[in-house]
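Here are a few exercises to work through with the model open beside you. Try each task before you read its solution.

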Amino acid sequence: MATRRLFLKSAALGMFGVGTAPAWLSRALYAADAPSPRKKILVAIFQRGAVDGLNVVVPFGEKQYYSLRPNLAIPKPDRTENSAIDLDGFFGLHPALAPLKPIYDSGHMAVVHAVGSPDPTRSHFDAQDYMESGTPGRKATSDGWLNRALPSQKDSSPVRAVSLGATLPRAMRGQNEAVAIANLNDFQIRDTRGAGTFESMYENSLDQVLNGAGRETFEAVKLMQSIQKQPYAPDNGVQYPNSPLGQDLMQIARLIKSNVGLEVAFAEMRGWDTHVNEVGARPTVGQLANLLGQFGSALAAFYQDLGDRMADVSVVTMSEFGRTARENGSRGTDHGHANAMFAFGGGIRGGKVYGQWPGLEPEQLYEQRDLQLTTDFRDVLGELVVRHLGNARVASVFPGYEQPKFRGLVG
Amino acid sequence: MTYWVRFVAEDSSAQSAVQLLMAFRVSSSRDPMKKFVIALTLAGVAVLAAYSETGYSRFNQPLSKDQEILHALNRLTFGPRPGDVEAVRKMGLKKWINQQLHPERIAENPEVAARLRPLESLQMSAAEIATKYPPPQVLRAMSQGLLPLPADPEARQQAELQMQRLRARRAAKEDEDVKAKVQGKGGDRLQQAMRQQVVSVADPVERRKLIADKAPQQALPYDLNEAKLYRAVYSNRQLEEQMADFWFNHFNVYIDKGADRILTSTYERDAIRPHVFGKFRDLLEGTAESPAMLFYLDNWQSISPDTTPVRRFAKQKAKQARGLNENYARELMELHTLGVDGGYTQHDIIEVARCFTGWTISQPNRGGEFIYNDRVHDKGEKTVLGIKIPAGGGRADAEKVLDILARHSATARFISTKLAKKFVADDPPPALIDRMVKTFHDTDGDIRAVMSTMLDSKEFFSEGAFQAKIKTPLELVVSAVRASDAQVDFAIPLSMQIAQLGEPLYRKIEPTGYSSANSEWVNSAALLARMNFAHALADNRVPGSKVDVTKFADDPAVVARQVLFHEASQQTLESIKKALAQREPTPALVAGLVLGSPDFQRR
């Protein structure tokens with residue numbers, strides 16, 4: 001570990017030549033050894049398509065759950081792999097999420113239930129947009145909450161905000177520099193004949209806009225080169241699943257461990273829109289089980305790979321809305337309202353399901369069909385922004401929602 | 001002159017930079033392009049003196065005649081092709097602009113029609129599209145016997161084939177289904193690239209058939225993307241294409257939202273394109289009653305809360321929104337007409353939504369038409385922006401709203417400003433906007449007239465506007481194709497490049513459309529992607545596009561002039577020369593470097 005860090009440090013600094021390394025770089029590179037506290041890192045994961053929170057964190061203590069979902073309900077915990085994994089006597093994890101149970105037991109993973117966006121829309125694209133802009137109901141917001149969440153500072157790293165994927169997601173857009181990287185190894189000028197030439201053009205350009213962006217780009221490229229040279233071997237014998245989320249999280253882990261100044265990261269997983277065949281013949285087969293299997297194993301691999309480094313890292317998951325409390329006619333669920341979120345990391349007060357449970361009786365449902373919302377998603381994200389990232393200006397991160405109600409997730 | 005001259009005044013090396021630039025140009029020639037370039041540079045130097053002035057004063061600094069030509073080509077087209085500068089000079093700039101404002105007077109390039117011919121969905125009605133390229137929901141309904149099969153034998157055969165495939169897919173193990181879905185991203189990039197290579201050499205008609213057979217739903221975005229790029233690259237009616245892009249983007253719909261897959265083709269063709277130079281009111285009406293927009297912004301589901309459910313549909317209705325949907329009403333005012341600061345309130349949104357209840361679609365997934373359904377219309381009195389709309393107006397309620405909005409002064413200003421931001425500069429001078437607003441009012445929102453006011457202005461042909469815009473991904477890719485005179489016979493790979501640069505065509509989820517602001521398009525990943533695209537195009541590594549590199553010299557200064565139509569910045573040239581000192585210069589390498597340079601990112 002120490003050797004690799006040293007190697008990366010000299011490799012990265014070497015790129016710039018003696019005495020020319022930018023201030024943020026030496027700070028970032030030495031931060032790991034310096035007595036000053038390391039940067040906190042927030043990783044946000046978006047489950048696009050609206051995951052069925054009621055089958056992810058199963059309210060097995062609620063009778064009504066079983067009458068609303070005769071074909072889809074996950075059975076009460078019975079210690080077999082075809083039943084929910086008991087969390088607290090009332091809620092249980094979907095069996096495909098077994099890899100997450102040890103994290104929950106260690107007290108570093110928290111669940112929030114009946115949480116989501118207060119906006120009533122059941123449109124994927126609107127709801128995703130609202131959750132990423134951080135301003136439900138307001139379409140004119142031009143930037144995203146994760147960009148605004150970055151604490152203001154000078155000389156920041158060009159890779160302080162990274163999203164995995166070809167384009168910058170809405171949540172990451174805004175004033176602060178944010179980089180979209182589809183693959184760390186591809187983040188470069190592919191044609192070696194042109195690499196140095198483009199760099200010199202942009203670094204010398206008198207066009208202020210392109211010069212600035214060009215410098216940031218090539219600084220980031222250099223950092224990536226220092227990382228790309230090293231084949232990545234996850235710690236603790238971890239093997240990341242070969243799924244997109246697994247690979248994305250591995251790259252985020254790689255960035256974190258390289259100490260290049262990462263502060264916020266974004267990854268996504270698609271395919272959660274389970275209108276049909278959500279649950280197969282048994283709870284462990286079917287669309288949802290497959291998706292959760294990928295999801296849980298990727299998150300668990302990330303957690304184990306980072307090991308002690310999780311002390312600086314919080315991961316939070318979200319999805320645009322939940323799904324109908326009642327199953328539909330094709331072994332699936334339709335668009336609903338409130339949902340469940342996960343947060344885990346060294347600083348998370350876990351081992352607990354947060355949030356007020358609204359119940360599933362007909363009169364307790366939102367518009368007589370969906371799980372009622374009792375926690376605003378900005379309460380969860382806001383607490384992470386303030387207490388984990390240390391950005392107290394939460395009113396500018398979530399404009400129009402000046403006073404998020406912290407639930408005590410971060411401690 | 002080159003855009004960087006604007007920046008050097010702040011740089012202590014300004015003087016030497018200019019001297020170097022001048023020295024570089026001493027070797028003169030009879031080449032008219034070169035003379036043109038020299039004239040531009042000289043004019044640029046004169047402008048330096050005036051640069052210290054602040055605010056909008058640079059919009060009073062005129063351009064030279066040659067700069068004016070280059071500027072007009074950069075803004076009204078998707079970038080000049082070889083020979084365009086000379087052609088405009090020969091015709092006269094004023095006459096050329098006037099012609100561009102009247103596309104029907106321009107003979108179209110036969111290359112366009114030839115390339116559009118196989119893209120058959122572009123000529124169909126939405127209902128024909130729905131029959132020939134049925135969405136999965138319709139296929140499912142047909143296979144369950146809930147919907148009749150198409151009468152047309154060819155379409156019926158197609159539907160049966162697709163139903164078989166659907167059943168086969170469902171029979172396949174769910175495991176693998178999900179796996180494929182989840183692992184699709186990035187995993188088989190090599191395979192994908194190889195497929196693209198193979199597909200690109202196929203005959204265009206065969207290729208189109210292949211796509212339609214394999215994945216009929218993909219044929220629709222395929223046709224739209226291909227057509228948009230062929231028109232952008234080859235059309236002689238360039239301003240019309242820029243305007244079609246502008247207005248589609250202004251009235252954005254998202255092709256992957258449900259039925260919009262089958263509704264977007266007719267939307268662009270019938271609601272947008274006929275009106276790009278017409279009256280704003282017509283454009284507004286066309287979009288307001290288009291099934292694509294009604295579906296995209298959910299108005300088709302918006303009903304008066306007082307509606308008594310018809311028993312037959314009661315169960316179905318319960319699944320839908322039971323009442324008012326404000327989505328369209330809000331965006332209509334915020335994004336289509338008044339602008340976010342246009343002075344409307346939440347109450348106005350609700351009132352407008354009430355007026356639009358009953359504006360719906362008959363069977364969107366079957367390509368249904370716009371219908372007005374009086375039964376679900378809110379029949380009470382409404383007040384919109386202080387104007388009373390009496391009870392019992394029926395369909396006319398919403399027409400009245402469109403009248404109010406189209407003629408509102410906030411709309412005139414919002415639209416004029418947006419046009420000026422797109423065509424002049426990110427922060428256009430208020431004096432110009434004022435004149436455009438006046439024209440908008442005087443002509444009852446005549447878009448051609450508003451454009452004329454802008455294109456006649458001194459501000460348009462000013463230092464403040466010259467090279468002030470960063471190309472959008474669409475403009476960057478198409479301008480590179482046009483500048484290098486590439487032949488395009490398969491445009492999907494170009495469209496994929498544009499998506500990689502951050503502007504997937506027809507796939508902007510948000511109703512805001514894409515921003516034309518410089519800040520939107522300058523970020524690390526995008527810049528790298530731009531440079532990589534430049535190399536790939538010049539090296540003929542973009543399938544479907546062929547660049548004849550023998551047209552390029554290997555002297556970077558000459559290539560720069562061929563591609564940029566003005567002199568490259570000294571920094572760019574020095575960087576290229578340094579690189580070439582170390583290796584064998586090839587025309588493709590030099591062209592790739594110029595196309596990826598900072599200089600080429602502006603227009």
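**Exercise 1.** At what angle do helix 30 of chain B and helix 31 of chain B pack, and how many Å apart are their axes?

*Conventions.* The model is predicted, so local features need pLDDT of at least 70 and side-chain atom pairs count only at pLDDT 80 or more, while totals for chains, interfaces and linings use all residues. Residues are numbered from 1 along each chain as its sequence is written, with chains lettered from A and ligands numbered from 1 in the order in which they are written.

*Solution.*
- Step 1: locate helix 30 at residues 556–564 and helix 31 at residues 570–581 of chain B. Helices are DSSP runs (H or I, at least four residues), as are strands (E, at least two), numbered from the N terminus.
- Step 2: the packing angle is about 135°, and the axes lie 10 Å apart. Axes are lines fitted to C-alpha atoms, for helices over the stretch in contact, and angles run from 0 to 180 degrees between N-to-C directions.
- Step 3: helix 30 and helix 31 of chain B are therefore oblique to each other. For this label, angles under 35 degrees count as roughly parallel, over 145 as roughly antiparallel, 65 to 115 as roughly perpendicular and the rest as oblique.
- Step 4: P556(B), A557(B) and A560(B) of helix 30 make the contact with L573(B), I576(B), K577(B) and L580(B) of helix 31. Contact requires C-beta atoms, placed from the backbone, within 7 Å.

**Exercise 2.** Classify the packing of helix 14 of chain B and helix 16 of chain B: is it roughly parallel or roughly antiparallel?

*Solution.*
- Step 1: the axes of helix 14 (residues 216–234) and helix 16 (residues 260–272) of chain B come within 9 Å and cross at roughly 30°.
- Step 2: that makes helix 14 of chain B roughly parallel to helix 16 of chain B.
- Step 3: Q217(B), L220(B), D223(B) and L224(B) in helix 14 meet R261(B), I262(B), T264(B) and S265(B) in helix 16.

**Exercise 3.** How many residues does each chain bring to the contact of chain A with chain B?

*Solution.*
- Step 1: chain A gives 47 residues and chain B gives 49 residues.
- Step 2: on the side of chain A that touches chain B, helix 8 of chain A supplies the largest share, 9 residues.

**Exercise 4.** Which strand order does the open sheet of chain A have?

*Solution.*
- Step 1: the 3 strands run in the order 2-4-3, with antiparallel pairing. Strands pair if DSSP finds at least two bridges between them.
- Step 2: strand 2 (57–58) and strand 3 (85–86) of chain A are the edge strands.

Conventions:
Contact = placed C-beta atoms within 7 Å.
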